[in-house]
Amino acid sequence: MGRVIAIASQKGGVGKTTTTINLGACLAEGGQKVLIVDVDPQGNASSGLGINGNDQRFGVYEALIGPIDVNQAILPTPMKGLSIMTSGQRLSGAEVELVGMMARETRLRAVITSLREDYDFILVDCPPSLGLLTINALTAADSVLIPLQCEYLALEGLTQLISAIRLVQDHLNSSLRIEGVLLTMFDVRLNLAQQVVDEARKFFSDRVYKTVIPRSVRLGEAPSFGKPIVLYDAHSSGAERYRELAQEVLSHAGVIRAVTASVEAAAPVESGKVGVPQTGTVNSEVYVDQPEYGDQPDEVGQADSLTRPGGSEECIERPSAEVSKH
Ligand SMILES: Nc1ncnc2c1ncn2[C@@H]1O[C@H](COP(=O)(O)OP(=O)(O)O)[C@@H](O)[C@H]1O
Ligand SMILES: [Mg+2]
């Protein structure tokens, strides 16, 4: 049964699409069967894999509005083992059309549920907003991966994203977890970039991936050739880092599967309720779950202080905490 990871942030240009494409390609390179679902009407995940979503007869829009056989909306990509459900401009209409429809927040979940058996990973590339398309993605997902760009005001806006995640947990998808926070576009020449890394590790501790994605010309160029970095420049630093990220994601998935199996073996429970350990190291290492937020109001409070007007700079300039080695 595939794991569904939404790559989300309401900020544009933080590396959501780059991460979706390249994490997907690196998981596929390692033998996983991966589907990317491009939920951004800009269709950048589609074009970054060499496909113009506007030219396709079927894509995410048709799958959402239906009824179609969703397999018709899935295309192969230049990367073996990596498929995509494309999007194009017509998906921007869906945000409005969905408002008046039955089950408007859960339509993507219905689409993805029917595909879970066919893939090891389903990665959902979200648009830069917290509108209905992102809510659909969070409702369909097991977990959310949050890219954080290593630049000024990087942590600003996280409170809104965390609030949206909590709302979805409360009303639509109680098993949604935070998969991890990924630091992107790290520029070794900027002191500020290191400060952002330190701040992120201080606030999110081990939920921040050890892998940090560097700012790299090759990563920026690859989409214009319609290729993931592992096909465009297999030995570049960007390719190596995204391979490392894939390993981290796989090891988290391995832990989750092992825990799920042992929970099932110990005490079979209703389907949909397994794989959500509430205690133990696995919980603290891998998940941010709702009870944890409830139990630790400070955590959200800290993130809050980061978003107060004028607060972010202050936070970033505080003496840095110990940096985890990566
Ligand atoms: N690590 C990186 N190094 C250099 N350029 C990058 C990197 N990650 C993303 N980019 C470029 O930055 C821009 C925004 O990235 P993108 O992944 O599209 O962000 P988002 O999907 O969050 O809007 C794109 O032009 C992309 O090619
Ligand atoms: Mg994008």
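Two residues are in contact if their C-beta atoms, placed from the backbone, lie within 7 Å. This is a predicted model, in which local features need pLDDT of at least 70, side-chain atom pairs count only at pLDDT 80 or more, and totals for chains, interfaces and linings use all residues. Residues are numbered from 1 along each chain as its sequence is written, while chains are lettered from A and ligands numbered from 1 in the order in which they are written.

Q: Which residues does Ala141 touch, leaving aside those up to four places away in sequence?
A: Val4, Ile5, Ala6, Val124 and Leu176 are the contacts of Ala141 once residues up to four places away are set aside.

Q: What makes Leu219 a buried residue?
A: A residue is buried if 20 or more other C-beta atoms lie within 10 Å of its own, exposed if 12 or fewer, and partly exposed in between, with C-beta atoms placed from the backbone. Leu219 has 26 other C-beta atoms within 10 Å, so it is buried. Leu219 belongs to helix H9, and touches Thr18, Ile229 and Gly238, not counting residues up to four places away in sequence.

Q: Why does Arg177 count as buried?
A: Arg177 counts as buried because it has 25 C-beta neighbours inside 10 Å. This residue is found in strand E7; helices (H or I, at least four residues) and strands (E, at least two) are DSSP runs, numbered from the N terminus. Arg177 and Ser143 are 34 residues apart in sequence, yet their C-alpha atoms are 4.4 Å apart in space.

Q: How many residues surround ligand 1, and which are the closest?
A: The shell holds 17 residues, the closest being Lys16, Thr17, Thr18, Leu219 and Gly220; a residue is near a molecule or strand if its C-beta atom, placed from the backbone, lies within 6 Å of it. Two or more shell residues come from each of helix H1 (16-29), strand E7 (177-186) and helix H9 (217-221). H1 gives the most, with three residues.

Q: How do the residues around ligand 1 divide into nonpolar, polar and charged?
A: Six are nonpolar, nine polar and two charged. Here Ala, Val, Leu, Ile, Met, Phe, Trp, Tyr, Cys and Pro count as nonpolar, Asp, Glu, Lys and Arg as charged, and the others, Gly among them, as polar.

Q: Why are the buried residues of H7 said to line one face of the helix?
A: The buried residues of H7 are Leu158, Leu161, Ile165 and Val168. Seen down the axis of H7, they fall within an arc of 90°, so they line one face; the arc is that of the directions from the helix axis to the C-beta atoms. On the other side of H7, Asp170 and His171 are exposed.

Q: What are the buried residues of helix H4, and why do they line one face?
A: Leu91, Ala94 and Leu98 are the buried residues of H4 (residues 91-99). They line one face because, down the axis of H4, they fall within an arc of 25°. Gly93, Val96 and Val99 are exposed on the other side of H4. The buried residues of H4 pack against helix H3 (60-65), helix H5 (107-113) and helix H6 (132-140).
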